[in-house]
Amino acid sequence: MSVRGNYEREIDSSFLKDDLMPGENVVFNTTVSPVLYFLPTMFVIVGFGMFGFSKWIALLAIAIGAFHFVSTFLNIKSCIYAVTNKRVVIKTGFIRRDSLDISINRIEGVSLEQNIAGRIFNFGNVYINGVGGDKAKAEFVGDPVGFKRSIQEVLNDGYTNGGK
């Protein structure tokens with residue numbers, strides 16, 4: 001099953017596939033932005049550059065960068081930000097799993113926070129305001145504008161079709 005988005009990918013996550021209700025279709029699927037690889041990559045590059053000054057500091061920088069790189073990889077692979085025709089799904093975490101499902105008819109508003117770097121590299125935070133003051137935050141979303149737009153389109157479709 002393929003879905004729309006800049007970070008379009010096959011839905012290979014059995015966690016999301018198995019969680020779909022009858023008649024529910026994925027409208028948009030994305031993950032954490034790969035821009036998070038920047039910091040660990042810089043640690044490794046600086047570490048290699050430090051070999052001429054101090055071997056131990058260089059090895060420490062490379063080890064920190066490698067650890068952070070693996071951590072970032074697991075974070076990106078384990079996060080799911082999805083919009084279906086019935087709800088918004090936010091699942092994060094590798095060892096400790098956090099899962100948030102918000103029914104489309106319980107969403108009051110969606111807002112986007114994106115700085116200059118986020119606009120250039122296409123990442124940002126999306127806030128979903130639910131009925132009763134519930135708030136959800138999706139951090140470092142790849143293609144946050146598409147994620148927000150998909151939620152709004154499903155909301156509009158629900159309102160124009162009588163909330164189905």
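Helices here are DSSP runs of H or I with at least four residues, numbered from the N terminus. Keep in mind as you click around that this is a predicted model.

**Stop one: helix α2.** Select residues 38-49, which make up α2, and pick out Phe43, placed in that helix. Is Phe43 buried, exposed or partly exposed? Its relative accessibility is 32%, so Phe43 counts as partly exposed, because that class lies between under 20% for buried and over 50% for exposed.

The biggest contributor is α2, with six.

**Stop three: the largest nonpolar core.** Turn to the inside and select Val88, Ile107, Ile128, Phe147 and Ile151; among the 23 residues of the largest nonpolar core, these touch the most other members. Show the cartoon for β2 (80-84), β3 (87-92), β5 (107-113), β6 (123-130), β7 (135-142) and α5 (144-160), each of which supplies at least two residues of this core. Helix α5 has the largest share, four residues.

**Last stop: Ile128.** Which residues does Ile128 touch, leaving aside those up to four places away in sequence? Display Val88, Ile90, Ile102, Ile107, Gly109, Asp134, Lys135, Ala136 and Ile151 to see its contacts.

Note on methods: Residues are numbered from 1 along each chain as its sequence is written. This is a predicted model: local features need pLDDT of at least 70, side-chain atom pairs count only at pLDDT 80 or more; totals for chains, interfaces and linings use all residues. Side-chain values use heavy atoms; hydrogens and water are left out. Buried means under 20% relative accessible area, exposed over 50%, partly exposed in between (1.4 Å probe, protein chains only). A nonpolar core is a set of buried Ala, Val, Leu, Ile, Met, Phe, Trp, Tyr and Cys residues joined through side-chain atoms within 4.5 Å. Contact means heavy atoms within 4.5 Å.
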